[in-house]
Amino acid sequence: MYGKYPSVISFDRLTRPCSWEGSGISSLKVTLVSGRSLGQGRSKVIGKFSEEYFRSVAVCELDPEDIKSLGISPGQNVIITTKTGSVVVKSAIASQRSRRGVIFMPYGLWVNMLIPTETYGTGMPSMKGIEAEVAGAPDEKLMDLRDLVKSLAGGA
Amino acid sequence: MREIILSIKRELHLPVEAGEISPDKLKEKSVKEIESTKIWEGNKQLALEDVFNVSEKTNDNDETTIRLIGNASKIRKIGSSTTSGSVVVEGNAGMYVGEDMSGGSIFVTGDAGSWLGMKMKGGRIEVKGNAGDYVGAGYRGTDLGMKGGTIIIHGNAGNEVGCWMTNGSIRIKGNAGLLPGIHMSNGSILTEGSCVGRAGGQMRGGKVIISGYIPTILPSFAFEEIQEKAKFADEKIIGPFYAFSGDMNENGKGRLSVRVSSNPHLKWCERYLEA
Amino acid sequence: MSELLVRNGFVYDPQNGIEGEKADISISNGKIVESVGTGAVVIDASGMIIMPGGVDIHSHIAGSKVNAGRILRPEDHVKDVERHTAITRAGTGHSIPSTFTTGYRYAKLGYTTVFEPATPLLKTRHTHEELDDTPIVDKGCFPLFGNDWHTMEYLRQGRVEECAAYIAWMLRATKGYAIKIVNPGGVEAWRWGRYLVGLEDKVPNFDITPREIVRGICKVNQLLHLPHTIHVHTNDLAKIGNYQTTIDTMDSVRGLGGDNRPLIHITHVQFTGRTGSAWHNVGSGAPEIADYVNKHDHVTVDMGQVVFMNTTTMTADGGFQYMLYQLSGNKWFNFDVEVETGAGIVPYTYRRTNYVNAIQWGIGLELALLIKDPWRVYMTTDHPNGGDFTKYPKIISWLMSRKAREKSLARINSTARNKLDLPDLDREYSFSEIAVVTRAGTAKALGLKQKGHLGVGADADVAVYDINPTKIDPSRDFRLLRRALRKAAFTIKDGRIVVKNGEIVETPIGRTYWVDSTVSESLKSKVEADMRKTFTKYYTINMDNYAMADSELANSHRINVKAEV
Amino acid sequence: MTVLSKKIFPNVICTFCGSTCDDLEVTVEGEKVLSVRSGCSSSLSKYLNYRADRNLTPLVRKNGELQETSYDDAIRRSAEILANANYPLLYGWSSTSNEANRVGIELAEWVGGVIDNTTTVCHGPTLLGVHDIGEISGSLGEIVHRADLIIYWGANPVHSHPHHIMRYTSMSTGRFRLSRKDRKMIVIDVRKTDTAKLADQFIPITPNGDYELMCALRMAVRGDELEQDVISGVPAETIEELAEAMISCQFGVIFFGLGLTMTEGRHRNVDVALSLVRDLNARTKFLIIPMRGHFNVGGANEVSAWVTGYPYAVDLSQGYPRYNPGDTTAVDVLVRGDCDAALVVASDPISNFPVEASRHLVKIPVITIDPHPSATTPISEVVFPSQIVGIETGGDIVRMDGVTIMTKTIVPAPPGIHSDVEILEAILAHVKKIKMGKQ
């Protein structure tokens with residue numbers, strides 16, 4: 001659903017994600033971790049459709065070096081793609097630093113667009129440590145919660 | 001003897017539980033009786049004929065065969081508690097194929113769902129396609145997984161193949177997911193393809209053989225030797241293999257064999273050869 | 001006004017000296033009455049036995065520990081299920097049945113009152129939630145005090161009256177019925193991963209011994225005039241030869257009471273009735289313990305009988321459970337409760353071929369057969385520790401039939417068989433004695449005057465079993481006996497027929513009994529003031545959020561007593 | 001117009017996270033919360049904004065649009081959907097009271113459905129680990145009084161349980177541990193979290209490396225030599241030091257979070273963690289406690305366990321409880337497309353489930369009971385507004401360590417809005433009518 005970006009890319013669980021090399025897009029192979037954040041917790045009680053919630057959940061925290069290498073500046077949009085799908089969110093410098101190649105997104109529908117389906121017989125999908133590819137997408141627009149929910153009916 | 005043919009007559013959306021589809025339970029029944037045999041679809045009990053067209057023919061082999069035709073991926077417990085005879089699924093099968101099976105054979109031409117051969121005690125299950133997770137596992141909370149028999153999967157298998165396995169053999173011609181042989185105490189698992197990792201986690205005994213690639217070996221496994229052949233059931237698999245013992249954390253006497261040629265990145269363990 | 005007439009059965013009501021005479025039982029508005037009108041519903045009990053409803057003095061049926069056992073063991077439930085019907089709720093067994101199933105299964109056995117014998121004060125709100133979901137039976141619970149900081153501190157300082165006022169406050173706050181003591185002092189030690197041995201070891205940091213704790217709380221129990229005695233799981237459960245500790249514990253309170261009322265109940269005494277110095281020479285201490293009980297009337301005990309099966313052991317005695325995990329290698333649950341107590345759970349299989357298990361099986365039966373006065377020894381399995389309560393009919397048959405015992409003896413470990421006195425014991429319980437050890441005696445020990453008998457004014461809790469004592473000799477036909485006891489022909493609860501031919505027909509909500517012992521205002525307010533100071537230091541929840549309101553119970557039944565202080 | 005007077009409620013139990021702190025002082029005027037003392041930023045936000053953005057009237061979908069309707073009509077519609085469903089899913093349950101959970105399970109029995117709570121996507125794998133190994137745990141006060149080594153593994157309480165460290169662990173004051181300096185605090189995580197910044201030692205590990213590290217740690221605790229130099233990004237020496245710290249402490253505890261349950265291996269990460277702590281108890285005293293998230297997810301497990309025998313993911317379609325996470329769990333039931341209707345109580349699956357599961361929810365009739373609009377309400381067939389537990393209605397809840405406490409009403413609910421218990425009981429009563437009618 002995002003113009004020039006392949007919406008789903010294939011992953012072999014035994015290898016790293018295949019790259020977009022050749023497509024002219026500078027991208028990074030990363031590990032996506034989702035989790036609780038104070039902002040998400042605080043803003044969800046203000047309202048799931050509130051501006052606060054949108055601002056604190058439709059984001060992706062990256063290592064500053066990674067942001068640089070994507071050729072964008074913090075606050076510009078990035079597109080993240082996993083074997084499940086793609087989503088565009090705002091980039092931010094990770095306040096809780098990890099290593100290069102690890103990106104963080106708060107729980108919410110945006111990151112859910114990327115969560116692989118398999119629970120491997122446990123009931124629990126992979127919500128952390130997901131293989132993903134991230135690219136700068138400054139001119140792609142963010143979807144708010146309403147649009148994103150609408151998009152569910154449309155299928156992949 | 002006879003061949004009982006069950007062909008699915010409509011698309012299934014709800015889970016169907018049909019543990020009755022087993023030679024032991026149908027062989028004495030007439031077609032009429034088979035048609036009226038009760039099975040579950042979702043939270044409703046209905047007659048087998050509401051889902052299947054039932055027919056039969058006689059054949060020359062001396063045991064009852066059940067032939068299940070159509071996409072049975074929503075149908076659970078096919079061949080459960082089978083002691084003799086055979087079940088052939090022409091298409092995909094759902095979860096719990098061959099649960100509690102102790103004899104006879106089950107053949108699936110397509111894919112099979114998770115918990116294939118759960119609590120299996122004997123007999124033979126063969127799957128042409130892929131299998132889900134927990135192949136040959138036990139029920140939650142018990143230390144009694146597969147007790148005996150043979151499972152052969154031509155495609156890939158998911159996580160925790162042979163979970164709490166106590167005997168028997170599982171052969172995967174494709175790749176295996178995480179933790180094949182988790183908590184196993186005896187029996188053997190062969191993966192001809194690659195393994196996602198953590199082979200033999202917390203195993204106490206038995207054998208896990210990986211012929212393909214495995215990214216890492218668990219730190220609780222001790223490198224023993226380079227073995228030329230690895231023994232699987234009653235055949236010898238030509239190596240050479242790096243042989244490890246473990247899981248040391250469980251005082252495990254288990255053996256993990258990983259093909260040398262597919263895993264050059266494990267060369268580090270050769271430094272322990274002299275020692 | 002609903003009336004019932006149970007006609008023409010053989011009545012066993014030992015409390016009122018009725019030993020199998022044919023009689024009618026008249027019931028009106030939930031009580032036993034002299035007679036009923038012609039409009040009364042008639043139950044024909046000809047050729048059947050009539051007894052008061054069963055009263056279980058010690059059965060772990062509800063609370064955080066029991067539920068932890070359920071969560072620990074899906075494999076325990078998967079093969080034993082109860083279907084949802086228009087009348088009954090769905091549920092599961094097996095050794096740790098879900099709450100609704102527990103109520104139904106007790107009623108089917110003809111039991112109408114059950115006490116949960118170990119609830120951590122801090123977690124008793126949970127216990128009551130589960131008891132509220134345990135239908136039909138009346139119930140109550142015993143909060144744990146034997147390792148409680150406040151209790152140990154008051155006693156160490158010799159402030160027994162304040163300790164009494166404190167425990168009264170706690171019983172009110174937790175809606176508790178009696179004082180439970182588990183491994184006094186030893187559980188506090190276990191909360192550091194340590195053990196105490198015997199009655200004289202000092203509790204780390206508290207400068208008090210198990211003996212002082214038991215004696216102190218026994219005095220408190222008397223000051224508060226609680227209907228039941230202190231209910232004690234002794235020290236050294238983890239020790240191999242622990243029978244002496246059991247006798248020492250009984251003896252530690254001797255003479256504390258003026259009259260010859262019982263002062264102490266030793267529970268599941270089988271588990272602390274072992275002689276020996278190593279597992280290979282474990283023996284039965286039943287003769288010694290029975291001898292003490294026979295010579296001293298201040299003690300009552302319950303069996304804690306073992307049945308050969310896979311079950312789930314659970315006690316507040318965390319240290320013992322850790323030892324059992326080390327012995328068995330099975331999965332292990334431990335939970336330490338701040339300030340108060342602990343808990344442990346280990347699944348376990350009692351095997352007749354296992355020497356120690358066979359000895360344990362023998363100890364329980366020897367105790368019941370060697371203790372002369374049935375009014376002071378009660379039938380329990382310490383459910384689910386020795387086996388689940390649905391095995392009671394089997395145990396009754398062992399008590400009533402030497403032949404039944406011999407059948408089982410023939411199949412147990414032979415070394416154990418040769419070591420036990422059991423093969424030489426020929427005593428066989430009568431139906432009256434069974435009525436005592438399963439209802440009359442337990443009701444008396446619990447101080448439930450309206451239970452355990454069928455005299456006018458008693459609660460109309462009645463069990464009718466399809467067995468004819470003039471035709472069937474339980475000593476010979478013990479299998480028929482078991483069958484009859486497994487499914488009561490009728491169970492009547494507060495005058496309502498709840499079980500008919502072994503099936504549930506109605507599911508009322510039983511009472512929850514708790515004791516409110518009122519102490520003098522001055523003492524009460526002094527202790528409350530002290531507690532306000534310590535409470536926030538000790539607990540992670542607030543004193544005001546700790547106490548339960550009467551309204552929190554589905555069917556609260558307060559028993560008022562006046563304390564001596 | 002009545003004159004409203006200020007009321008101050010002491011010792012209010014916070015119904016935000018699993019810590020359920022019970023020392024809030026809330027000042028209210030009528031329905032307005034004026035101030036909250038001693039709450040964390042999350043509870044402040046919850047209590048001060050509880051009135052913002054509410055569902056106020058029942059809604060039902062009529063020709064494609066959600067429209068206002070009467071309470072009775074919404075009850076009728078819901079009962080019909082559930083009673084006629086062939087495999088309904090009843091999901092949520094962790095942000096409401098035990099009382100509501102008790103009604104919910106009876107409803108599941110009558111409609112022959114699968115009832116699952118949010119444990120399924122937080123600590124479900126923890127329970128699977130417990131089934132295999134057991135659990136060595138205790139109430140939080142034990143940590144306060146005794147713990148001299150506190151390890152947070154894959155958990156970030158500063159964000160998820162803001163007052164946890166202050167009230168219950170490193171910074172708390174206990175009988176035998178007076179202050180922060182009496183305790184060592186270690187954090188193991190893939191990110192240098194704000195929690196890690198408070199620790200004496202932070203051990204960064206590579207994502208999905210927990211199982212391997214745990215295995216290595218068990219080896220070190222046993223005194224076995226490690227053959228590999230670096231495990232999950234952690235040098236062998238560091239692992240040996242950590243093992244030494246664990247063995248030599250007097251009373252240690254591991255608090256673990258979704259960093260174990262959501263990563264590769266899931267319940268096996270917990271399985272091996274439980275095994276590690278079990279091993280440690282041969283050497284010293286050691287406990288392990290999961291960081292339960294929602295304020296009553298513990299209660300959802302407890303109620304489910306005492307009524308059915310199983311803590312979550314219970315399939316009642318055949319009239320008795322059956323349980324096998326991976327089969328009977330909400331995400332799997334949805335992704336397989338098995339269920340044909342859903343009841344969602346006090347939860348927002350669309351915001352919590354992988355997109356494939358949500359895509360099935362969109363296809364089936366969904367009944368949502370929630371005080372607030374959520375990502376799930378727009379796709380619902382019926383929406384009930386409800387009272388907020390701990391603010392507008394009371395009820396029992398279970399703290400992360402299994403301690404049950406009773407929350408109370410502190411402000412009146414908006415007019416015409418019922419509690420979860422009332423709504424569920426009304427639906428249940430109507431379902432019974434329909435089912436008995438059919439017999």
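Let's start with one helix. The buried residues of α15(D) pack against α4 (109-112) and α5 (145-153) of chain A, and against α13, β18 (341-345), α14 and β19 (366-369) of chain D. Buried has a cut-off: 20 or more other C-beta atoms within 10 Å of the residue's own, with 12 or fewer counting as exposed, anything in between as partly exposed, and C-beta atoms placed from the backbone. Helices (H or I, at least four residues) and strands (E, at least two) are DSSP runs, numbered from the N terminus.

A word on the source. This is a predicted model, where local features need pLDDT of at least 70, side-chain atom pairs count only at pLDDT 80 or more, and totals for chains, interfaces and linings use all residues. Residues are numbered from 1 along each chain as its sequence is written, while chains are lettered from A and ligands numbered from 1 in the order in which they are written.

Back to α15(D). How many of its 9 residues are buried? The count is 7, so the helix is mostly covered. They are Val355(D), Glu356(D), Ala357(D), Ser358(D), Arg359(D), His360(D) and Leu361(D).

Now the interface with chain A. Here 53 residues of chain D are in contact with 44 residues of chain A. Contact means C-beta atoms, placed from the backbone, within 7 Å. On the chain D side, α15(D) supplies the largest share, 5 residues. By class, that side has 21 nonpolar, 22 polar and 10 charged residues. Ala, Val, Leu, Ile, Met, Phe, Trp, Tyr, Cys and Pro count as nonpolar, Asp, Glu, Lys and Arg as charged, and the others, Gly among them, as polar.

Next, chain C with chain D. That contact takes 45 residues from chain C and 49 from chain D. On the chain C side, β18(C) gives the most, with 6 residues. That side divides into 16 nonpolar, 14 polar and 15 charged residues.

On to helix pairs. In chain D, α3 (residues 98-111) and α16 (residues 420-438) pack at about 20°, with axes 9 Å apart. Axes are lines fitted to C-alpha atoms, for helices over the stretch in contact, and angles run from 0 to 180 degrees between N-to-C directions. So α3(D) and α16(D) are roughly parallel. The classes are: under 35 degrees roughly parallel, over 145 roughly antiparallel, 65 to 115 roughly perpendicular, the rest oblique. Their crossing is left-handed. Left-handed means the near helix is turned anticlockwise from the far one by less than a right angle; right-handed means clockwise. Their contact has 10 nonpolar, 1 polar and 6 charged residues.

Last, the backbone. Most residues other than glycine have a negative phi, and most peptide bonds are trans. Now some exceptions. Gln202(B) has a positive phi of about 55°. It sits in the loop between β15 (195-197) and β16 (207-210) of chain B. Is Gln202(B) buried or exposed? Buried, because it has 28 C-beta neighbours inside 10 Å. Thr20(D) has a positive phi near 35°. Thr20(D) is also buried, with 27 other C-beta atoms within 10 Å.

Then the cis peptide bonds. One joins Gly239(B) and Pro240(B), with omega about 5°. Pro240(B) is in strand β18 (residues 235-246) of chain B. Another joins His383(C) and Pro384(C), with omega about 0°.

Definitions and conventions. Contact = placed C-beta atoms within 7 Å.
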